[in-house]
Amino acid sequence: MTGRSPHRAVVVGGGLAGVTSALRLADAGVDVTLLEGRPRLGGLAFSFRRGDLSVDNGQHVYLRCCTGYRWFLDRIEGSHLAPLQDRLDVPVLDVGRPAGPRLGRLRRTALPVPLHLAGGLAAYPHLSLAEKAGVARAALALGRLDPADPALDGIDFATWLRRQGQSQRTIEALWDLVGVATLNATAPNASMALAAMVFKTGLLSEPGAADIGWASVPLGDLHDTLARKALESAGVRVHLRTRAASLTRAEDGRWAVGTYGERIEADTVVLAVPQRDTHRLLPEGALDDPGRLLDLTDAPILNVHVVYDRNVLRRPFFAALGSPVQWVFDRTASSGLQGGGQYLAVSQSAAGDEIDLPVAELRRRYLPELERLLPAARGAGVRDFFVTRERTATFAPAPGVGRLRPGTHTRAPGLHLAGAWTATGWPATMEGAVRSGFTAAEAALQALGRPHEHPLQEAA
């Protein structure tokens with residue numbers, strides 16, 4: 001033992017990226033302080049109370065291929081509270097057919113890739129035989145792409161799909177059905193590089209990659225309560241309601257993070273806050289072109305919440321075609337709803353046209369649509385109707401976004417960036433946030449001379 005005090009780190013931001021960074025640094029023996037301006041952890045994946053209900057601000061899911069987020073759940077001892085499907089099974093209800101509504105399913109088998117999807121595609125009733133054959137050809141072409149190819153970031157997903165002979169119906173009934181939910185953009189507005197990453201990883205990497213998981217409890221139980229317990233057990237000092245106001249570097253190379261009340265010194269700092277807050281805090285010269293952070297625009301997500309006085313949906317979730325409704329989830333059990341009835345959450349990605357509409361107008365728009373999709377809702381009493389809006393839910397994954405996303409390293413020694421908006425290779429997802437936290441912590445530890453094995457390598 002040398003008697004030397006441990007290195008000190010400050011992590012600014014208590015979302016998934018910041019919590020991950022703090023856990024990884026603490027696990028490596030670093031003395032860590034985490035600052036979060038809100039009264040809770042979890043970033044944009046959180047819960048709040050509405051009367052007797054515990055409400056998630058939006059419906060968040062993950063896939064079996066999200067190995068980073070699965071590590072996070074394991075690390076906070078919450079995996080059993082966010083189970084995965086045994087096998088991918090997505091009910092898709094088309095109410096736009098002249099012949100009447102029809103239910104189909106997107107499923108997989110245990111066969112090797114790509115045969116695991118062949119049976120499900122063959123039985124999918126929302127595409128013609130010719131369209132299904134076209135999907136198979138496009139999937140093979142997709143498998144040959146390298147998502148890291150900069151050229152792919154310069155074109156949009158719709159353009160690539162049209163080059164592969166995909167019809168507008170195929171785009172709506174398959175590619176956008178998945179893409180809008182994962183990318184938060186329709187195909188014409190999505191970078192082909194990010195689309196290739198999503199579909200190649202989720203559908204073509206291994207048979208179970210796209211199996212869906214979601215929390216069976218309020219997100220706050222995971223991302224706040226259990227995360228805080230894990231941090232405190234690791235020795236991390238968690239300061240809530242504490243916003244970083246300044247970031248300066250002394251001549252001796254140490255950092256000082258100023259809050260509205262104290263000054264915290266550290267050997268290394270991880271900035272795990274949104275891009276505009278990062279821009280505000282970055283010291284001069286830390287990035288070659290910090291203005292690019294302000295060019296990294298946001299995309300909104302709207303969630304419509306409806307509490308009925310009876311059960312109107314028998315499945316845990318479904319996706320819709322021929323309707324403004326995208327995905328509907330049953331949140332009855334996780335919300336703690338009392339007195340019977342059912343609580344549904346309607347998740348609407350790429351919601352730029354609706355994000356600012358009044359609640360009354362959204363009610364007029366979505367209640368009739370839910371009745372059209374769910375006959376049992378016709379005549380059911382509506383006990384509550386409310387809306388949550390995340391105007392900055394994700395970065396906009398438009399073509400060209402790749403050149404705007406910075407890596408974790410800065411030109412300022414000891415200062416690292418984290419967040420789903422950084423250059424993770426993933427769209428703005430919980431997985432991307434956790435992976436950015438891994439990368440930032442790994443870079444900080446390397447700079448401190450304390451390399452620590454990457455957790456996903458440990459799990460391999």
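A cavity here is a set of grid points where a 1.4 Å probe fits but cannot get out. With that in mind, welcome to this predicted model, where the count comes to 2 cavities of 30 Å³ or more. The largest cavity holds about 60 Å³ of space. Its lining is made up of S54, V55, D56, G58, Q59, N303, H305, R331, S334, Y343 and A345. Two or more of these residues come from each of the elements β4 (53-56), β14 (298-308) and β17 (342-348), and β4 gives the largest share, with 3 residues. Sorted by class, the lining of the largest cavity has 3 nonpolar, 6 polar and 2 charged residues.

Now for the second largest cavity, which has a volume of about 50 Å³. You will find it lined by R24, F438, A441, E442, L445, H452, E453, H454 and P455. Helix α14 (residues 430-447) supplies the largest share of that lining, 4 residues. Here the classes come to 4 nonpolar, 2 polar and 3 charged.

## Where α1 meets α2

R24 of the second cavity's lining also takes part in a helix contact. Helix α1 (residues 16-27) packs against helix α2 (residues 67-75) at an angle of about 65°, and their axes are 11 Å apart. The crossing of α1 past α2 is left-handed.

On the α1 side, the contact uses L16, V19, T20, L23, R24 and D27, and these meet Y69, W71, F72 and R75 of α2. By class, the residues of this contact are 6 nonpolar, 1 polar and 3 charged.

The model has 11 aromatic pairs. One of them joins W71 and F438 in an edge-to-face arrangement, with 5.0 Å from centre to centre and 80° between the planes. This pair connects distant parts of the chain, since W71 sits in helix α2 and F438 in helix α14, 367 residues apart.

## An open pocket beside α7

Next comes the second largest pocket, with about 360 Å³ of space. It is lined by 17 residues, of which E172, D176, A320, S323 and Q326 are the closest to its centre. The elements giving two or more residues to this lining are α7 (168-183) and β15 (317-321). The largest share, 6 residues, belongs to α7.

What is the make-up of the lining of the second largest pocket by class? It has 9 nonpolar, 5 polar and 3 charged residues.

## Two backbone details

Two places in the loops are worth a look. V113 and P114 are joined by a cis peptide bond, with omega at about 0°. P114 is in the loop that runs between β7 (102-107) and α3 (118-123).

The other place is N184, which has a positive phi of about 60° although it is not a glycine. You can find N184 in the loop between α7 and α8 (192-204). Helix α7 is also the element that gives 6 residues to the lining of the second largest pocket.

Definitions and conventions:
Residues are numbered from 1 along each chain as its sequence is written. This is a predicted model: local features need pLDDT of at least 70, side-chain atom pairs count only at pLDDT 80 or more; totals for chains, interfaces and linings use all residues. Side-chain values use heavy atoms; hydrogens and water are left out. Axes are lines fitted to C-alpha atoms, for helices over the stretch in contact, and angles run from 0 to 180 degrees between N-to-C directions. A crossing is left-handed if the near helix is turned anticlockwise from the far one by less than a right angle, and right-handed if clockwise. Contact means heavy atoms within 4.5 Å. Ala, Val, Leu, Ile, Met, Phe, Trp, Tyr, Cys and Pro count as nonpolar, Asp, Glu, Lys and Arg as charged, and the others, Gly among them, as polar. On a 1 Å grid over the protein atoms alone, a cavity is a set of points where a 1.4 Å probe fits but cannot get out, and a pocket is an open set with protein on both sides within 12 Å along at least five of seven lines; lining residues have an atom within 4 Å of a point. Grid points are joined across faces, edges and corners, and a volume is the space filled by probe spheres set on the points. Rings of Phe, Tyr and Trp (its six-membered ring) pair if their centres lie within 6.5 Å; planes under 30 degrees apart count as stacked, over 60 as edge-to-face and the rest as tilted.
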